[in-house]
Amino acid sequence: MRVASTDKFNHIIENSDLVSRDLSWLKFNERVLDQSKKERRSIFEKLKFLAITASNLDEFFMIRVGSLYNYLDYEKERVDYSGLREEPFKMKLMLECQQFHKRQQEHFLKNLLPNMSESGFILSNVKNLEPEEREYIKSYFMKAVYPMLTPMVFDGYRTFPILMNKLLIFGVVTLAPGDKKENRKLSFVQIPANIPRFFEIEREDMVVYIPIEEVIRENIISLFRNVNIESINLFRITRNGDFTLEESEDMDANFLEEVKRKLNERKTGRVVRIEIEDGYSKWMINLLKERWNIQDDSIFKVERSSMLDFTGLWQVIGNRRFKDKLPQMPAPVPPISYPQEGTEDIFHVLKNRDILLHHPYNNIDPILDLIEKAADDPNVMAIKMTIYRLAKDSRITKALLRAAENGKHVSVLFEVKARFDEENNIREAKKLQKAGCFVIYGISNLKTHTKLLLIVKKDDNYVTRFVHLGSGNYNEDTSRIYTDIGLLTTNEVLANDVSEFFNVITGHSMPTVYQNLITAPRDMRNQLIEFIEQEAENARLGLPSGIFIKVNSLEDSEIIYALYRASQSGVPVKLIIRGICCLRPGRVGLSENIEVLSLVGDFLEHSRIYHFHNNGDTRTYAGSADMMVRSFDKRLESLFRVEDSLLEKQLMNILAFNLRDNVNAYRMLEDGTYVPKLPQADEEEFNVHKEFFNVSIEQVMNVKLT
């Protein structure tokens, strides 16, 4: 019966014009897992990508599956893009998740675990150690681990304990001597997050990693004296972490306290997944299923020879002993538009020309340099910026604090709803507020996702506004691994637009029009659809047309159907979508002229670029926004037009290089699956994550998008 139902669901899914957002995301995580299988990668790189898939899947269950449970638990209707209602869609989604989980486990057991020793390390349990090493482990347990553990029994006298999200937990079933089976008890032992995931033993030619659960399992009897242990069950739970602050009825009363309360709810949200070692107690799992109201398809089994929680592999990857086994990234190169980077005063340079930065190939230093110099320059009067995510020890926070101490006006919008960075952002924002900065903790029920910086400087009674607009965060750490775009300019048109936008953010202003800025939630969807429809009209008139877009995600149905109409009018549409893509390319009668590529590799593709041919009068934009409902309706976003000829060609060249890639690229098929785009017989490998370190101005000036 279940198979027949699944076949029926698949028929509905295949006939939908749109691809499910959640099923598309799982295909993205498949592409990340595929990176862990590449023969050209070292085992440390393979472990890294496996760890990333695990971290991705944790967030997916917390947010996307959590959101689905919000509909199920409160009996709210939802029809997925696949055409399925809530319960059938959950069945399909959990089936796909189970299959992905199985592929993760098989890859680890068959391809990674057996090949570790040749790279200088192994994973081991306690029984396989030398006698003196076992004694060392026992001493470590008694001195460092045992005092940290707290067995929590659940019975008729004690309430069910709160078990924490994403921690390893032992469920221990015990029976007092002489008691009957029906009197058995269940105790929980959580492994605190501040205990290292592995205990490390360094041998002369080998590092031995003993999982902390094996250390505890070997000694767990010390926590349960004079009782019989019936079973020891290692498991891990994932809780619903999805919440929307706009649901609060009292948004303005105490916004920060509302955020803090919601953060605490993440610790006690409903359980949406159990990962558990095989051979578990059926009595225990039935108790947990009933307690947490979950079905068998939300229980993910792991073989004892494998491991729970692959995110723990970061400890192995980060071992200094293996530092030279990870590929070293080339040093950043000077921007095409700023070849003398660092040798001239950045304020002086920007008065004469614009600079386009392409991270991580160009480093973030020009932006940091600009902010730090602004903080100390007596002629700078004001600094305004939006912050979504920051590095933990941020140079930007330090510069803004110094600017405030130097008497400058500093306005900062800290987005405290930036998922999983809420606590860090609240902490950094309070530092600035105490120093006298004007700090805004988000805008009402909108997330501020736009990346903008405005510096006002007065020289000889003439005021110049220095502006940075970007696609990525002001984060020194992620700028080394995320590909992003940033424009530094003193262009008066953009400066006026950005000034107006900051007035919207910090005050009560509703400008009627921006000249070179497209903003959400007001105009962006409609403006992009207008550009798409203009291309369709040009194609119908026999004029040259073309749409080239690079974003992280494409999910908005109004945009998708506009692209379908453009395709049907004969417009060539080439999309570079790293993650979620709900559009079906190549469907007869719908999207034959649409091609979708996804690039997944050494760097995380994060830049957003929109290019429209417009019968030769090109329109090229970059910025913070993906083509998603949340970007258009629930976030403050911005796209900025790049008109400077050299800089526009740089953006076009980024698109062209991405379309040429045959190392990191996957081609999306009509059914929503992906296949690697491999070099043809007469082609050499073209890896954008290497080629952008060598791009020349000649290549940029001669770029052609086809």
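This dialogue walks through several features of a predicted model.

Visitor: May we begin with the sheets? In what order do the six strands of the open sheet lie?

Guide: Strands of a sheet pair through backbone hydrogen bonds, either parallel or antiparallel. Here the six strands of the open sheet follow the order β2-β4-β3-β7-β8-β9, and their pairing is mixed. The edge strands, each pairing on one side only, are β2 and β9. On average, neighbouring strands of this sheet are turned by 30° against each other, direction ignored.

Visitor: How many bridges join β2 to β4, and in which sense do these strands run?

Guide: β2 and β4 run antiparallel and are joined by four bridges. Within β4, Leu186 is the residue that stands opposite Phe154.

Visitor: Which helix lies across β3, β7 and β8?

Guide: That is helix α6, residues 212-219, and it runs at about 15° to β3.

Visitor: Let us turn to helix α8. Which of its residues are buried?

Guide: An α-helix has 3.6 residues a turn, so residues three or four places apart point the same way. In helix α8, residues 282-292, the buried residues are Met284, Ile285, Leu287, Leu288, Lys289 and Trp292.

Visitor: Against which strands do the buried residues of α8 pack?

Guide: They pack against β2 (151-154), β3 (168-175), β4 (185-190), β7 (228-239), β8 (271-277) and β9 (299-302).

Visitor: What is found at the N-terminal end of α8, and what follows the helix?

Guide: Ser281 caps the N-terminal end, with a side-chain oxygen 3.4 Å from the backbone nitrogen of Trp283. After the helix comes Asn293, which has a positive phi near 55°.

Visitor: Now a loop residue. Where is Asn194 placed, and is Asn194 buried or exposed?

Guide: Asn194 sits in the loop between β4 and β5 (198-202). Its relative accessible area is 60%, and a residue counts as exposed when this value is over 50%. Asn194 is therefore exposed.

Visitor: How far is Asn194 from Met148, in sequence and in space?

Guide: The two residues are 46 residues apart in sequence, while their C-alpha atoms are 9.6 Å apart in space.

Visitor: How are pairs of helices to be read? At what angle do helices α3 and α4 cross?

Guide: The axes of helix α3 (residues 43-73) and helix α4 (residues 86-112) come within 12 Å and cross at roughly 165°. Angles over 145 degrees count as roughly antiparallel, so α3 is roughly antiparallel to α4. The crossing in which α3 passes α4 is left-handed.

Visitor: At what angle do helices α15 and α16 pack?

Guide: Helix α15 (residues 524-540) and helix α16 (residues 557-568) pack at an angle of about 5°, and their axes are 9 Å apart. The two helices are therefore roughly parallel to each other. On the α15 side the contact is made by Arg525, Leu528, Ile529, Ile532, Glu533 and Ala536. On the α16 side, the contributing residues are Glu558, Ile559, Ala562, Leu563, Arg565 and Ala566.

Visitor: Finally, which strand does β26 pair with over three bridges in the antiparallel sense?

Guide: β26 (residues 665-668) pairs in this way with β21 (residues 594-599), and in β26 the bridge partner of Ser598 is Tyr666. Three bridges also join β26 to β27 (residues 674-676), again running antiparallel. There, the bridge partner of Arg667 is Val675 in β27. The hairpin of β26 and β27 has five residues between the strands, and in this hairpin Gly672 takes a positive phi near 95°.

Note on methods. Residues are numbered from 1 along each chain as its sequence is written. This is a predicted model: local features need pLDDT of at least 70, side-chain atom pairs count only at pLDDT 80 or more; totals for chains, interfaces and linings use all residues. Side-chain values use heavy atoms; hydrogens and water are left out. Two strands pair if DSSP finds at least two bridges between them. Buried means under 20% relative accessible area, exposed over 50%, partly exposed in between (1.4 Å probe, protein chains only). Contact means heavy atoms within 4.5 Å. A polar contact is a pair of N or O atoms within 3.5 Å; within protein, one must be able to donate a hydrogen and the other to accept it, and residues adjacent in sequence count only if both atoms are side-chain atoms. Axes are lines fitted to C-alpha atoms, for helices over the stretch in contact, and angles run from 0 to 180 degrees between N-to-C directions. Angles under 35 degrees count as roughly parallel, over 145 as roughly antiparallel, 65 to 115 as roughly perpendicular and the rest as oblique. A crossing is left-handed if the near helix is turned anticlockwise from the far one by less than a right angle, and right-handed if clockwise.
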